[in-house]
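Please consult the sequence and the model shown below.

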Amino acid sequence: TDALRQRQDGVEALKADPAIVVFQHDDHVPAKDFFRVLTEHYATDANWDVLVPERRTFKNGTEVVLNSGRNEYIMGHCCVMRRPLWRVAPWTHAPAGFTWDVGYTFLLKEWGAIIRWAPDLVVYDVETKLGAKPWA
């Protein structure tokens with residue numbers, strides 16, 4: 001819950017008022033073309049409130065796709081949210097616990113949020129460099 005509070009504080013502290021906010025954990029990095037794809041493919045598309053990127057990593061030198069959430073839930077690893085939705089559904093509304101992202105997804109769906117799978121937006125899990133095995 002401390003990380004969720006930090007996300008909340010970070011967005012509230014923004015001096016600008018962006019229409020779209022990208023959230024990601026510190027052990028993930030966006031693909032080189034992430035923001036270009038976001039701008040060109042999604043920024044003017046009104047058919048989403050939350051985008052769920054594809055999550056990947058490298059296992060023994062091979063790129064592999066990890067659990068990404070898809071339309072089923074908004075993964076906590078990385079998501080793209082429209083600022084107006086975030087204002088009515090702040091991170092601090094997420095239920096506490098390891099699977100907070102699943103509970104938060106249920107809340108957003110109850111509130112009518114459009115959750116959209118965006119496999120061309122890619123984020124990399126880099127915790128493998130620390131010895132973690134996110135595919136396990």
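A salt bridge is a side-chain nitrogen of Lys or Arg within 4 Å of a carboxyl oxygen of Asp or Glu. The structure holds 6 salt bridges, and one network of them links D33, R36 and E40. The model is predicted, so that local features need pLDDT of at least 70 and side-chain atom pairs count only at pLDDT 80 or more, while totals for chains, interfaces and linings use all residues. Residues are numbered from 1 along each chain as its sequence is written, and side-chain values use heavy atoms, with hydrogens and water left out.

**Salt bridges**

- R36 is partly exposed at 42% relative accessibility (buried means under 20% relative accessible area, exposed over 50%, partly exposed in between; 1.4 Å probe, protein chains only).
- D33 is likewise partly exposed, at 30%.
- R116 and D45 pair through their side chains at 2.5 Å, N to O.
- Because R116 lies in strand 6 (residues 115-125) and D45 in the loop between helix 2 (34-42) and strand 3 (50-59), this pair ties together parts 71 residues apart in sequence.
- R116 is partly exposed at 26%, whereas D45 is buried at 18%.
- R56 and E54 form a salt bridge of 2.7 Å, N to O, and E54 is buried at 10%.

**Fold**

- The chain comprises 4 helices and 6 strands (DSSP runs numbered from the N terminus: helices H or I, at least four residues; strands E, at least two).
- Buried residues make up 43% of the 136 residues.
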